[in-house]
Structures are given as structure tokens and as C-alpha cells.
Amino acid sequence: MERVSERAVLDVSGLPSVVFGPRNVVWLGTILFMLIEGAMMAMLYASYFYYRTRSTDWPPGVMPPALTYGVANGIVFLLSLAPAWWTRKKSRAGDISGARMGLVVLAIFGAVNIALRVYEFSALNCEWSANAYASTVWMLLGVHSAHLATDFIETVVLAVLAFTDRVDGTRFSDFDENSMYWYFVVGVAVVTDFVIYGATRLL
Amino acid sequence: MKALRTLAWIIVFGLLGCQSNHSSLSAAGPQSKNIEWLYWLIFWICLAVFVLVMVFFAHGTARTKVDEQEMAPVMENPEGDRRARVAVSVAVTVTVITLFVVLAFSIVTGNTVEGLSSKNPVTIQIIGHQWWWEARYPNPQADLTVVTANEIHVPVGLPVVVLTSSADVIHSFWVPNIQGKRDLLPGYQSAFWFQADKPGIYHGQCAEFCGEQHAHMGFEMVAEPVDKFQNWLSQQRKPSAQSTDPSVLRGREVFLTHSCVLCHTVRGTDAGSKVGPDLTHLASRRMIAGATLSNESGSLAGWITDPQRVKPGVLMPANPLPPDDLDALVTYLRSLQ
Amino acid sequence: MAVVQTNPPVSATDSLHQRLDSTWREPSGFGGWFKRVHHTTIGIRFIVTAFIFFLLGGILAVLMRLQLARPENKFLGPDRYNQFFTVHGSTMIFLFAVPLMFQGFGIYLVPLIVGARNIAFPRLAAFSYYIYLFGCLFFWAGLLLNTGADRGWFAYVTLSGPDYSPGKRVDFWAQMITFTELSALATAICLAATILRHRAPGMSLNRMPMILWEKLVLSFMVIFAMPAVMLSSSMLLLDRTVGTQFFNPAEGGDVLLYQHLFWFFGHPDVYIIFLPGTAFVTTIVTAFARRHIFGYLALVVSTISIGFLGFGVWVHHMFATGLPQMGESFFTAATLMIVIPTAVQFFCWIATLWHGRVQFKLPMWWIAGFFFVFMIGGLSGLMLASVPVDTQVHDTFFVVAHFHYVLIGGAVFPMFGALYFWVPKMTGRMLNDALGKWNFWLFFIGFNMTFFTMHFLGLRGMTRRVYTYVPEMNWGWLNLLATCGALLMGVGVLVFILNFFWSRKYGAIAGPDPWRAGSLEWATSSPPQSYNFAELPTVNGREALWDAAPNQPVVAGIREDIRETLVTDSLDGDPDHRMESPGPSAWPFWAAVATSGLFIGSVFSARSVLYTAVPVAITLIGWYWPRWGVSQRRKATEVWSE
């Protein structure tokens, strides 16, 4: 392992150490996580439609879920995209006070989402043990609630962190990735709502 | 060479055993014959491919083998690569053509095996249970419907349509000499057909793992000429034989006063439970306990006393009866022709 | 920005090693064991643990073979036999094959082959190992407590449902799936990120060694396949614990949906086990044919297309369920189609050997074994792809023979080849040649005795998963032959273990590159230092060492006082930015403990999730929470991109 004299080198000391978006390795990790969870949800949607083909009436033997809380939560989800987008923008600019505000507002939206989600469960109009359809809608909503709770806790932790003096460049990129994951949570929420509230009524 | 000879010996003797009443290479019906033909077609194709690949691998390795000290890698060989490209392209083309041949014959055979042309098939309903087979020969007149277990009679030369279902878990109905297997799925009913061309007694077996006694969930398929089949059917339609023999009557008493009636039916008596096999014509069957024991007094007595010894985990409980009662019970059961 | 320039000679090489070592050294001592995050440590842990479970699964196999040696044998009853075959299958698939072939070798080799100091997300890789280990212990503790799963490695409903499988046996199986699949998914993320972002400068996509392509394709297969089985086993668990009705036919549940979900995972999983084998074959053939692989592009396309086609063939496991015939023909066609990329790989290997300069060293014996065994398995697979033939041989010993030829041929033979090839890298000593040949011949002959025989048993109607058979079937002597073969295989494996321990002590010193192979793991010492490479390499061709320019540059400007790594562009491998790699931490271990608590608790009480989730959240936050000193140092030195 001797160094040869006049050894050619590729000097990378001038490269940055804080990057955002697709250049960031954590961004790739987050995308891969989203693929896993997306695959899981896709399989659940497929199961829902598979059960649909095995039954003549739909929903079988129970009332379709009430719309009020589902629609309300869907609207809150869509509105929450705004603070997520804001946090992203401010984090990339390294603006700590902007990022703080964005994270706090996003966490408040998340809390409202979770509260509404509790009411959504009570408005499903079926027990999970009633039949396979009921089990599936409970599971759809349940799995998505797990995503929601995870990202809510993550947002709260990041918001707390933002008020300490431990925020270096990589933390800003974490705020950025958290918002991207939130987009994903909202996207899945919208599709899940279409299945639970839409497909159940229309098919 | 010696290894090859041993291999040849194993193949010959391994296949010799295929001439039996439980073998997919000893076809006794049009379906299994078609499948066997397709099997051998693919087998010979595969054998040829295998030999070719092995020869090329061995020769390719041997022809360029070098002393182990020569370490420098070959950096360029454009002429060799050009020839290799041609060879690989040809090989891939041959592969694709071969696959199309296999696919075509497979689909054609599949259609032959599935398609039913006859208008007057015999219909049998097969219901899988842990761990026995219920066979019903439906009749528009309910009391003429034949219900039996673990021994299925079919006429030779007539198509038989099987309606499948399961009472508990997934089972799979399979008589290798006659036709491929078909799963019996809880919550699903499906139909398929087969035909037996050669009279004989064929062994069948559950092919889908179904719990503790999956291994002993066998049955027998008796293929017989149409008139014999009709005789059997009319015999099975009758209620159970009534005898005046005192020992038989004593056994009947034992049967009706013990736990037997909690699970079994004997038509013509008060025993009418559907949990276990119908015993109305038990004595007419060759085997008992899912084609595990031959139907003789000794094995019957052993089975009744302690089924768990023969088939651990089976759902029938032990019945410790006094010897006199047991004898009488066996006599009664043997009288159910 | 990055520029190539000439560096003045540095005399203090030793101090460079010392500086790097003090930065990257693994913590020592008992407490340090739980903090280690270097990929060579984690990779070897995976390989050793998975190999131990290979031995345990093998012991169960031998016991099963002893039970089947003669008809109506009373050696094991049905209850124990059912536990043994279930735990044997589940162990070999979930605790041995995927963890060893994909995770162990992947975590150990990938960062070395891409020329990086460590894997991406090293703490996630450590977490992946602990979760896998706890899953193994949990599942086998079940077997030892007579709660061993007994419904087959597939656990078909309704047999595995609450009505026909009371007790906790199936729950242990279902939760073991959650453990191992979580572990595999975590590894997939680490490997994909390492391959896409940590490749040495100059290693563009079209210069990646085949093994990287295979690990990349595999990571994505894991990401799309594993969720299906996690879902089906979770649904099964919910049916059993909280009374959902997913698979209860009486309440609209469906038994075929379970099979669809299971095999949507199950068939890709066969390729997840087999593709690492093909990558080992490509690597070893390249090294011992002493030339670049022939048909690189064809091999890459084959690997990717197997990755896609693997998801389109699952229904061929369900031909006997009586699905509509049109659909079945489609799946026959898809199954036959997957033969094409596999055949292309075989032709390319033969062409490589044909025009190479072949050295027939020990790893090559196993490759020859792979050719023989896997060809038989692949060709009997051709028979199974045909629906009519499948309805005859499905669920018989013919299928048992087929998939052992495929899995042992496609995974275990290449695995032994890979061990003889890479163990010198891991331990620094060569394995013994004579013992290696005994190992090969015993295993090879024993294998064929055991499993070739099973083709005949299957054709003669012997169904799978039977604990015994009646003497009238005349299957006795073939079964006895198979049992003898199994014992021979066992002896072969013991010879390997003997060889390993003998060679660790007395084997010849390997040196950095005993085979004069071409990829980057051979550019560093054996075993590698804690920092892998003193100077990060750059790459000039597919076989980095063979193709290196006379004065191939090395990377300079990466800090040595902190764990800094280089991140490169996904496509071209151009340097992009510098990133600090996480250091040793016990948090992954504690997070794995907490997660295991949640998984195990949920088997016994669904409600327990409400409070077992709390430690999971706490440990994950602890894992994430940045240290004050680190953040201050970073704030002082970080460089933001434009």
C-alpha cells in the first residue's frame, strides 16, 4: 500500500457537504421507503377490488361509510400541502425561522388529521369483524393511520429540534425530506378515500 | 462410467415401479394418457437440452484449460467474441422455438383434457373433510341420492363429472392413473371431468396438505363395467341391511347406544349425524379409515378401539368397549353390506 | 469542483493509516459489540448466523428423511413431523437463503465492490441484522417450546386460520415473516442506496460488475415482493387474533386471495434466492476464465427482465385450484418466457469459458456442480410450467425434487463456490483444497442420491408433506436411498465446517488478491481494514483492477478525521458531494429490541401494541436525535451547494 510518487489524484475537497432533493442520499432512502409502503397499499387496494368481484352486493350487508368526516379530513389533508411546501422552500434556503413556523403549522395540521381520523373510524358503519369487506376497509384506514401517526411524530420531533441549536445543514435537508414524505401521506390518503368512500358507493 | 451405469440402473428400476395402481405414468383414462404423452414429449426435449448444455460446458471448459500459474487475464479476443455472438444467437433462437413447441403442445393437450363432449355424463359430488372423502351420487329424487365415503365407483368408458367442494380446509382430489389433481376449496365449487377406460381399482390420495392425517387421507376408485356400476348404485341406494341374527342385533344396540351415533349415519336406523362417513353400506367397501386399513374384522376392531394409534390426530376418539360389545359391534358393521 | 491533478508524494503513509483507523475503528468490548456499524462486521454476522440456521434446517431435514426411510415409521409422529417440515422450509427460505445470499453477501461485498468506506445507512443495516436475529430466535424458540409452526412454509388458509389451528403455532410463523421481511426491506434500502450513490468515481452504470446489477435488481424485487407476504401474514394474524374475516369463507373471506398474495411474493422470492447465485457464477466464471464476461449487456438485460418477469408467473403455483383455462395458459407462456433470459445467461457463461483461459480451481468445481444441478431443476421446471403435466406432478415429491434442484443448485452450490472464493477475503486465509474436494463430492453425490430419487417417487404418486406412507405403495427402497443421500450431504457440510476452522488456523495466507480477480474488493487487504480503502479508488472499466490505467488516480480531499464518504452521481459515477457517514451507536440495537417487543407482544395480545409502540418511538427518536458537538462542528465546516 505504498503511495507512488507523482500519483494522480481526483481532488474532491471542494465538493459541497449539504445538498437537497434527488442529490441527497436520504432523499433516495425516503423514496425507497415510499415505494415499499406504496406497494403495500397497492396490494391492499387490489385485495379490496378482489373482494368486490367475490360478492354480488356491495358493500355486503352493511351501510357504506358516512361521508362527513372522510371528506372533511380529505380537505384538511389537501390544505396541509401548503405548510409542507412552505417548510420545504424555507429549509432549502436555510431559513430557520421559516422552517420552524412551517413545521409547527404542519404538526398542527397533522394533529387535526389524526383527530378527524378517529371520527372516520366511528363513521365506517361496520365492525371490522362483520365480514371481509369490513375487515378490508378497517385495514385500509388502519395502515394509512399508521403512516399518518409516524409522520406526525416525525414532524413534532423535527419541530422541537428546530428550536434547539442543533440544526446544521443535514437537519435542513431532513425537514425537506419530511415534507416530501408528507406529500406521499396526503397522496395515499386521497386514493384511500376514493376507495373507501367512492368505490364502496359506486361499484 | 460406473456412476453412469448406476444412474441408468436407478432410472430403469425407478420407472419400472410406475406400473401400479397409483402412478401418473400408468394411464388408465384419456386424460391421463394425454398428459403422459405430453410428459414424455417434454421429457425427451429436456433430456436433449441437458445433454447438449453439459457437452458444451465440459468441452468449453476443457478446451481452454490452462496451467494454474498463468494469471494474466485475456484482454481482447474480437474474433472469438464474434463467433460467440453468432453461437449464442443461434442457441437463443433454438431455445425460443423449443419453448413455442412446448407451449403449443401444452395448450392443445390442456384443451383436450378440459373439454367434455358427451351429453350424458355421470355426476359425482366430492366433498373433502379432515381426513376423509364424502362422495354423493345426486338424484332428482332426494331419497335415491347415494352417499358413501372413501370408495368411489365409476363406470368404465363413460365420462364422469366431478363437482368439488370442501367442508373445512383445502384438500386436493387426485387419482394419478386417471386424471390430474383438482383442489377442493372451502367457499368455492368447481367442476371437472374424467373418464376411466380400463377396469380396475385405482388408489387416490389427498394432495394438498390438510393437517395431521394428510398422509392417510386416501381413497379407492373402482372402475367397473356399466352394468356392474348400475348394480352397485342400486345396492347403495337401499337402506341398511336388516338382520335377525341376535349377535347382529346386539351390535346394532351397541352402535345406537354409544358415541358412534354422534358422528355417523346408518340409513334405516336412528343414527343420522353427518360429521363422519356414512356407514350404511360399510361392509361393501374394501378398505376403511381413508384407504389405510383393509376392511376385516380384526382391523375394524382395532380401529374402533383406538383410532389414534393408527392415525394420530384423527378426529375419531378412542372407544374402549368391553370385548363382548366390541365383537358384537364389529359383527353388526360387517353385516352392513 | 473535482479536478484531476498531480499530488506531491506523501511519506507519512503509516500516519494516514493511523488517522483513518482511529476514525473508523469498530468499538471493542462487550458494550462495543452492540454499537458496531461497519458493513464487513454486519455482513459477516449475517453470513455466520444464516449459516447456523442452514445447519439447523439441515438437521431437521435429516430427521425428516429418517422418518421417511421406511413405511409406517413411528420415529416422528405427524405432529412433530408437521412442525419439522414447516420449520425446515421456513428456515431455509426466510432465515437462511435470503439473509445469506442477499443480505449477508450483499452487505459484505457491495460497499467493497463499489469502492466505498462503508454502506449507505450503516445503522439501518445494523438494525436489519438485529431484527433478523431476534426473528430467528423467536421462531426457533417456538419450535423448542413445542409451539413450532406446523402448517407449512406457506400456511394456506383455512387450515392455518383460527378454526383449524388453535394455539399460537401459526402466529409464531406469521410474526417471523414480519421480522425477516422488515429486515430484508431494510437491507434492500441500504444496498440500493449504496449502489446508486456510493460508487467509485468512473464506475458508470455500464461499468458496474454484474453482482452490483444483480443486487440492485434484487433490492427492487424485495421492495415490491416482500410487502405482499407481510400483508398476507398480517391479515392471517388479524384473523387469528382480533377476529377479522379476511379468509373466512363463511363471511365473504377468500382462500384464493391468500394464495395470490402469498405467491405474488413467493415466486419473485425464488428469483431473490436464485439471482445472487447467478451473480456469483458470473463473478467466479469471470475470475477463472481469466477474461471479461462475454455478453455483459445481454446479462444485464437478462437480470432486469427476470426481475420483471418474476412478478408475472405466480399463478403457476395455483394451477390445481381450477382457475379459468385462458388465464392458466397465459401463465404457462409467462413461465416459459422466463426461460429465455435464464438460457441467455447460461449461453454467455459457456461462451466466456469457451474463449477464456480456464483455471479449474476450487470455486469452479461448485460452478460445474451448479451447471449440472441447476440445469436439471430448470428443465423439470419446464415440465411444471405446462398446466396438464403440472396437475399430475403438483404437490408430489416430483416438485420437491424440482425445487431442491433449483434452490440448492441455484443457491447452495454457488454459495459454496462463493465461500471458497471470498472466505480468503474475509479471514485472510485460503481454504484447504483437498478438504474442499471432499466437501464437493460428498455433497454432490449425496444431493443427487436424495433428490434425483424423488422424481420417481413423485411420478409414482407420493404426495408431499406426508409424515408416512403405507407399505403397499412400494416406495420404501427409493425413500431409503434418498435418506442415505441426505446423510451423505450432511457429512459433506461437516467437512466444510472442518475445513473452515482448520484453515482459519493453518490455511495459507491469502494476501490482498489470491485469485488475481478484477473487482475492487481485491484492491484492499484481506481482511479489509476498518476503513476499507486507505485511498478511495477510481475506476476505468468493468473489471477495475484489470482495466486500471498505468497511473489510475485515487480520490483525495476526503476528510480523515471524521467518517466522511464520497457520494457520486447515479448514472455516471461522477463525484457529487461529500457526506458524513454515521458512526457507532447502540440505538439500532435498542430500536430492534423495542420493535421485537412490539411484534412478539402482538402475538399474545393485540391491545399490547398500544403500549409496546411507546419504546419503539422512544428508541427511534434517540437514534435520530443529533449530538450537540457534532452539530456545532458541522455548522462550522459545512459547505452548502448552490
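Among contacts in chain C between residues at least 6 apart in sequence, 81% join residues at least 24 apart, where two residues are in contact if their C-beta atoms, placed from the backbone, lie within 7 Å. The structure is a predicted model, in which local features need pLDDT of at least 70 and side-chain atom pairs count only at pLDDT 80 or more, whereas totals for chains, interfaces and linings use all residues. Residues are numbered from 1 along each chain as its sequence is written, and chains are lettered from A and ligands numbered from 1 in the order in which they are written.

The secondary structure of chain C consists of 20 helices and four strands; helices (H or I, at least four residues) and strands (E, at least two) are DSSP runs, numbered from the N terminus. Chain C has a radius of gyration of 25 Å, close to the 26 Å that the globule rule gives for 642 residues, so it is as compact as a globular protein of that length. The radius is taken over C-alpha atoms, and the rule is 2.2 Å times the number of residues to the power 0.38. The C-alpha trace of chain C spans about 85 × 60 × 50 Å along its principal axes, and 65% of the 642 residues are buried, a residue being buried if 20 or more other C-beta atoms lie within 10 Å of its own, exposed if 12 or fewer, and partly exposed in between, with C-beta atoms placed from the backbone.

Within chain C, C:Leu323 lies in the loop between helix H9 (296-309) and helix H10 (325-337), and it counts as partly exposed because it has 15 C-beta neighbours inside 10 Å. When residues up to four places away in sequence are not counted, C:Leu323 touches C:Val315, C:Met318 and C:Glu328.

Chain A contains five helices and one strand, in the order β-α-α-α-α-α along the sequence. The radius of gyration of chain A is 22 Å, well over the 17 Å that the globule rule gives for 203 residues, so chain A is more spread out than a compact globule. Of these 203 residues, 44% count as buried.

Between chains B and C, 77 residues of chain B are in contact with 76 residues of chain C. On the chain B side, the largest share, 18 residues, comes from H3(B). By class, this side has 40 nonpolar, 26 polar and 11 charged residues, where Ala, Val, Leu, Ile, Met, Phe, Trp, Tyr, Cys and Pro count as nonpolar, Asp, Glu, Lys and Arg as charged, and the others, Gly among them, as polar.
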